[in-house]
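Visitor: I am new to reading protein models. Could you walk me through one, feature by feature?
Guide: Gladly! Let us look at it together.

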Amino acid sequence: MTCRDAQLHLPLVADREPVSAIAPDVLAHVAECGTCLAQVRSLERLRASARRAISVAAPAHLSGRVRSALASQRRSAPHTLRWVVRVGAVAAAVMLALLGGSSLLQPEVRELVPLRAAQLVSVHDLCAVSNPHDPRRVGRGDPSLVTRKLHRDYGFVACVPNLSRDGFRLDGLCTCVQAGDARTFHAHYRPELLGTPIVSVFSIQGSAKFTDAPLRRGSHFGPRVYRYASIAGASFASWTEDSGTYAVVARIPMDDLIRLADGITVGDARSPESAGSIAR
Amino acid sequence: MPEGDKSFESLALPHLEALFRVARRLTRSDHEAEDLVQDTILRAYKAFRTFEMREFGIRPWLLRILNNVFLTWLAREKKSPRLGVSETMESALVSPTVIPVDLDLDHLDEEVKNAIDELAPEFRMVVVLWATGEFSYQEIAGILSVPIGTVMSRLHRGRNQLAGALEEYSRRNRIAGRTEE
């Protein structure tokens with residue numbers, strides 16, 4: 001065997017690949033040839049150098065962060081289970097009603113999050129003044145990245161749309177709205193142009209029931225049904241979608257606000273992979 | 001905490017350091033590496049029921065998920081470079097890796113790190129797994145769900161690029177040294 005023949009196989013020798021993968025005459029050649037042995041040693045040192053190069057300690061907070069995300073994930077799992085139980089209960093009630101009469105039919109179990117539309121408008125105004133703040137540290141950059149982070153960390157499809165085409169940039173995200181145990185996120189947007197009002201997009205986990213204002217119902221272009229009203233000079237519109245309630249607030253005409261809301265898609269952050277396909 | 005959750009945490013969390021090491025070189029950013037590790041653990045947790053303990057333990061499985069999550073990220077960001085060349089063994093093994101003997105590899109870690117960062121993601125993942133020194137080519141193939149020939153091909157190209165970058169660095173330094181003289 002010549003050095004030229006052996007050279008192609010030297011990485012296998014240097015990487016301690018199983019002997020069965022290496023031709024016996026290569027090993028014999030390396031044992032006798034100083035040049036090839038030196039090349040093997042160089043390859044070994046290259047790997048050792050690469051190993052040192054990738055050595056980096058994980059930040060101290062990573063473990064806590066991951067544990068916290070796992071705990072959050074666990075909390076959201078029983079929520080799914082509750083819905084399964086609820087759906088089962090409703091199905092059972094329907095079956096009983098069909099079999100035994102309507103008197104056995106129980107009212108539908110629904111958990112409504114009581115909220116005041118005026119509260120959202122107040123938070124919108126307050127955050128416009130005290131802005132910018134970002135207590136969740138989810139960033140102000142790419143809205144789709146922020147949405148993904150919220151979905152990952154909180155298990156909730158919050159709505160942090162990209163409104164750049166409408167002339168607004170994401171300026172921050174806060175949790176100023178108190179709605180019992182329901183998670184709420186307030187994304188606020190600054191206009192690119194001076195003189196244009198800010199826009200708020202609220203995401204509330206669950207079905208919110210607005211208790212303070214007689215909201216009108218109606219749709220615009222699409223199938224989404226809005227509950228909307230003018231509150232304290234601001235336009236307010238909300239809709240329920242995908243087990244969440246979403247609302248937009250801005251001091252712009254209602255038609256413009258609904259047009260803006262129509263362009264918002266909920267659910268972009270959901271992971272396309274199913275659990276079973278992740279590790280395929 | 002349910003028994004299954006405890007079992008997952010006790011198996012998976014000791015590997016955070018290793019996952020972060022790989023994620024850090026893949027993403028080239030501390031912040032994104034943390035995100036990638038967390039995403040990996042959460043997905044592993046969801047899919048834990050499908051995990052079967054093999055003889056090598058949970059680490060290859062976690063790395064496999066990490067790789068898939070990373071590729072999904074790349075696809076979403078539309079940053080995924082396509083390999084424009086054939087990945088067959090034949091094409092990869094035409095030229096052997098030759099490392100100049102005068103290279104002082106014990107003091108070029110920073111240059112090696114930069115050279116790894118310059119690799120295309122597909123090559124980078126193989127090179128990083130190889131660099132850990134923990135896995136055979138066959139195991140890397142298992143982690144990445146690619147044939148062993150692909151691993152050898154990518155590793156060969158990756159290693160050649162590292163060697164080329166180091167040689168170039170060394171050549172520049174020699175020239176600079178001469179100029180100073």
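Visitor: How many salt bridges does a search of the whole structure find over all chains?
Guide: Keep in mind that this is a predicted model. The search finds 14 salt bridges over all chains.

Visitor: Which residue meets A:Arg16 in a salt bridge?
Guide: The partner is A:Glu44, with N and O 2.6 Å apart. This pair links distant parts of the chain: A:Arg16 is in the loop between α2 (10–14) and α3 (24–32) of chain A, while A:Glu44 is in helix α4 (residues 34–54) of chain A, 28 residues apart.

Visitor: Is A:Arg16 buried or exposed?
Guide: To read this, look at the relative accessible area: over 50% counts as exposed. A:Arg16 has 61%, so A:Arg16 is exposed.

Visitor: How many salt bridges are there between chain B and chain A?
Guide: The count is five. In one of them, the side chains of A:Arg67 and B:Glu9 meet at 3.3 Å, N to O. That pair crosses between chains, from helix α5 (residues 62–100) of chain A to helix α1 of chain B.

Visitor: Which salt bridge does B:Asp30 form?
Guide: B:Asp30 pairs with B:Arg24, and their closest N and O atoms are 2.6 Å apart. B:Asp30 counts as partly exposed at 43% relative accessibility, but B:Arg24 is buried at 17%. Salt bridges can also share partners: A:Asp15, A:Arg47 and B:Arg159 are joined that way into one network.

Visitor: Now the interface. How much area do chain B and chain A bury between them?
Guide: The general idea is that the size of an interface is often given as the accessible area lost when the parts come together. Here chain B and chain A bury about 5100 Å², 58% of it on carbon and sulfur atoms. In terms of contacts, 60 residues of chain B touch 46 residues of chain A. There are also 14 residue pairs in polar contact across this interface, with both residues at pLDDT 80 or more.

Visitor: Which elements give two or more residues to the side of chain B that touches chain A?
Guide: They are α1 (3–12), α2 (16–27), α3, α4 (59–76), α6 (109–118), α7 (121–132) and α9 (148–180) of chain B. The most comes from α3(B), with eleven residues.

Visitor: How many residues does helix α3 of chain B have, and how far does it reach?
Guide: Helix α3 covers residues 30–46, which is 17 residues, and its first and last C-alpha are 25 Å apart. That is close to the 24 Å expected at 1.5 Å a residue. The helix is mostly covered, with 13 of its 17 residues buried.

Visitor: Let us turn to strands. Why is strand β8 of chain A largely enclosed by the rest of the structure?
Guide: Six of the eight residues of β8(A), residues 234–241, are buried, so the rest of the structure largely encloses this strand. Five bridges join β8(A) to strand β7 (residues 226–231), running antiparallel, and A:Arg227 stands opposite A:Ser238. Seven bridges join β8(A) to strand β9 (residues 244–250), also antiparallel, with A:Thr240 and A:Thr245 as bridge partners.

Visitor: Which residue in the turn between β7(A) and β8(A) has a positive phi?
Guide: A:Ala232, in a hairpin with two residues between the strands. Its phi is about 50 degrees, although A:Ala232 is not a glycine. At 63% relative accessibility, A:Ala232 counts as exposed. In the hairpin of β8(A) and β9(A), A:Asp242 has a positive phi of about 60 degrees.

Notes. Residues numbered from 1 in each chain as written. Chains lettered and ligands numbered in written order. Predicted model: local features only at pLDDT ≥ 70, side-chain atom pairs only at ≥ 80, totals over all residues. Heavy atoms only, no water. Helix = DSSP H or I, 4+ residues; strand = E, 2+ residues; numbered from the N terminus. Expected span 1.5 Å × (residues − 1). Buried < 20%, exposed > 50% of the residue type's maximum accessible area, 1.4 Å probe, protein only. Pairing = 2+ DSSP bridges. Contact = heavy atoms within 4.5 Å. Buried area = accessible area lost by both parts, 1.4 Å probe. Salt bridge = Lys/Arg side-chain N within 4 Å of Asp/Glu carboxyl O. Polar contact = N/O pair within 3.5 Å; in protein donor to acceptor, adjacent residues only side chain to side chain.
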